[in-house]
Amino acid sequence: MFLLSVPSCIKGLISPTRAIFFTAILLIISLTPATSATTEFSEQDFETKTVNQKLDYLSWLSPQYPNRAKSLIDQLEVSHQHQPFSDTLFLKLQLVSCFNFIDLGQNEQAVELAKQGADNTKMMRIDQAKAYFLACEASAYDSLGKYTLSTLINEEAIKLAKQYNQPQALLLGFVARSLRENINGNYAQASESIKVAKELYPTAKRQLPSWYMVPAPYLKMIMSNLLYSSGDEQTALEYAKEIQTDPQTNGAIAISTAFYLARISLSQGDLVAAQNYLNQSKKIPPELGNIRNQALFNAQIAYIELHLGNLSAAEQAINKSLLHFIDTADDLKVMRAKRTLSLIYFAQHKTVEAFTLMADIIKQADNSEQYFDLIEFHQILSDYYEQQNQFELALKQQKLKFNAGQKANQQLSNSRIDQIKASREPIENISNEINASSLMFQAQNVALLSLGIFILLASFVVFMYRKPKANITSENVNDPLQRIDALLSQAKQSHYPLTLLLLDTHQMREVDVAIAQEEIQHTLREQDKILRVECNRMAILLPFASEEGALKVIGQLTPIIQPYVSGKLHFGCASLQQLDNLETLLKRAELNKLSQQQKQFGDK
C-alpha cells in the first residue's frame, strides 16, 4: 500500500507558491472602526457614495465576490464614458479593475491592463501611480508561472515606490517579495521583507491619497505562513483563526481560510479539526456562477479529503477541478490537479493509472521548466518505491529530484542576479525616503483586500524546515534557520565534526511523530537540534559528533522510535564538509539512507 503522509508534499493548485503562502506577534495594526464599518457597506448604498468610496468598496469586494465586483466596475466604466472622472480616479478605476482580473483568473487581461495603466500614468504625469500597476502586473505573472519576470517587475515597483514616496506601493512590493522568498524556502530573507512591511504599515495606512492598501488580514496570512514554515504550527494556527473571525473575511476568502486551517490541522495530526474546518468551508455559500473559484475550491477539498482517507470524495472533487482547468487551458493547474489525482490513484492501488499521470506531469514540468514541481513529483515516486522496497528505483528518483533541485536553484540564482541588476541604481535608506512629514495623513476609510483570493490560496503550500516547539516571535521569526546556518558555519570555522541524521516519518501517524520527537529530544544533548524537513522527514543535527559517534546515537534512538513503525528503521547519515550547507547535507543523508535500504534488500 502507498501510505499517505501528513503533511504531504502536495502544493496549492493556484500557483507553485510553495507554497502560499503564510504569526507569533500581535501583527501590524488592528482594524479601525471606519474599516469595520466598510465591511457593512451594502450594494444598495453603492449609488449614494462618491466614486472614490465606490472604488474602495470594490477593492474590498473583489477578492471575496469577484463576479459581483466586475459587474459594478463595468457600471463605473460606463459612468466614466458619460461623465469622465478625474485622471486620478480614472487611474484608480483601472487599478481596481486590474486586480479584479487577477481575482477572476483572467491574468493575461490583467497584464495588458497593467501595462496600459502604467502608460497612462506617464501620459497623465501621475508618475507615483506607476508602482501600483507594476505590482498588479507582477502578481498576474506570478499567477501565470512567470516567476523571473514577476520578480523583476516587482523590484522595479519597489524602486519606484521609494522614489515617489509611496508607502502603500512599497508595502505591496515587500509583501510580494516576502511571499516569494518564503515559498522558495528562503525564510531569513522572507522574514526581513515582512519586517519592513510591518514597520511600513502604519505609515501606509495613513497615506493620502490612497491608491491600494494591503489589509491586516492579508499580512496576517503571510506571517502565519512564514511562521508555519519556520516551525511554529500552533501560533500559525491561532493567527489563522483570527483571520477567520475578522469582519473582512467573507466569501471566497472565508472559504480559503477554512481550507488553510484544515491543512494546518492535518499537519498536526488533528483529523477531527481538519474535518470540522472542511465542513465549515462547505457551509459558506460560494459566489453564484463563479466556476473558476469552485474549481479551485474543489482542488482544495480533494487535498483534504485525500488525507482524511475519503478517497471517493477526493477523486470526485479533483475530477471536477481537472475538467475546468482543461476547458480553460490552464496548464499549470492541470498539471497539479493530475498530481493530486495520481496520489489518489496510488492510495486506491490503481498504480497503472497513477504512473501514467506521473509520467505525463513530469514531462510537462520538465518542458515548462517548473522545477519546484518536478522536485515534488520525483519525491512522490521515490516515496512510493521506497514503501514497496524497490530501493534502487527510489534512489534513482532521488537523483532525479536532486538534478531538478540544482536546476531550480540555478533558476533562483539567475532571478536574484536579475533582481540585483534591476535595483542597481543606488537608493537611500527606506527610513530616510519614507518621511512622514512629507506625506499628508488621515485615517483610511477601508483596508483594501488586494490579491486576497490569490494569496490565501497560494498559502496552501509545502512548508519546509519545520521545527516543532519553536518559540518564534515577530522579532526572531527567522531564528530557527539562522541558528542552523550559524551552527554549520561555526563547525566549519572551528573545524569540529558535525553529523546529520535523517529519518523518514511517512509510515508514522503524525500524533506518534510528535510523541516520538519529544522522547528523542529528551535523549539528545542540549546542543543537538531537531528539524522537520520536506515531506515527512526528520533531521537531527549532532555538533561535535563524528559518524562513529552518530552511530551510537542511532543505537540510542532506535528503541525509542521502533515501536511507532513497522519494519526496520533506516537512518541516513552525513558528516559536514567545508562546502556543505543544510541542503547538501540533507541530500547526502538521503542517498546514504537509500543506499543502506538497497543493500539490505539486495542481501535478502
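Q: Is cysteine 136 buried or exposed?
A: This is a predicted model. Buried means under 20% relative accessible area. Cysteine 136 has 0% relative accessibility, so the residue counts as buried.

Q: Which residue forms a disulfide with cysteine 136?
A: A disulfide is a covalent bond between the sulfur atoms of two cysteines. The cut-off here is a pair of sulfur atoms within 2.5 Å. The sulfur of cysteine 136 has a partner sulfur 2.0 Å away. That partner belongs to cysteine 98.

Q: How many disulfides does the count come to?
A: Cysteine 98 and cysteine 136 form a disulfide. By the sulfur distance rule, the count comes to 1 disulfide.

Q: How many residues apart in sequence are the parts that cysteine 98 and cysteine 136 tie together?
A: Cysteine 98 and cysteine 136 form a disulfide. Cysteine 98 sits in helix H4 (residues 87-103), and cysteine 136 in helix H6 (residues 130-143). The pair therefore ties together parts whose separation in sequence is 38 residues.

Q: Is the disulfide of cysteine 98 and cysteine 136 left-handed or right-handed?
A: Look at the torsion about the S-S bond. For cysteine 98 and cysteine 136 this is about -105°. The disulfide is therefore left-handed.

Q: What is the relative accessible area of cysteine 98?
A: Buried means under 20% relative accessible area. Cysteine 98 is buried. Its relative accessible area is 0%.

Q: Is threonine 151 buried or exposed?
A: Threonine 151 is found in helix H7 (residues 147-163). Its relative accessibility is 11%. The cut-off for buried is under 20%, so threonine 151 counts as buried.

Q: How far apart in space are threonine 151 and serine 139, C-alpha to C-alpha?
A: In sequence, threonine 151 and serine 139 are 12 residues apart. In space, C-alpha to C-alpha, the distance is 9.4 Å.

Q: Is H2 roughly parallel or roughly antiparallel to H3?
A: The axes of helix H2 (residues 51-61) and helix H3 (residues 66-82) come within 9 Å. They cross at roughly 155°. Angles over 145 degrees count as roughly antiparallel. That makes H2, relative to H3, roughly antiparallel.

Q: How many of the 17 residues of H16 are buried?
A: Helix H16 covers residues 331-347. H16 is largely enclosed by the rest of the structure, because its buried residues number 16 of the 17.

Methods: Residues numbered from 1 in each chain as written. Predicted model: local features only at pLDDT ≥ 70, side-chain atom pairs only at ≥ 80, totals over all residues. Heavy atoms only, no water. Helix = DSSP H or I, 4+ residues; strand = E, 2+ residues; numbered from the N terminus. Buried < 20%, exposed > 50% of the residue type's maximum accessible area, 1.4 Å probe, protein only. Expected span 1.5 Å × (residues − 1). Axes fitted to C-alpha atoms, helices over the stretch in contact; angles between N-to-C directions. Parallel < 35°, antiparallel > 145°, perpendicular 65-115°, else oblique.
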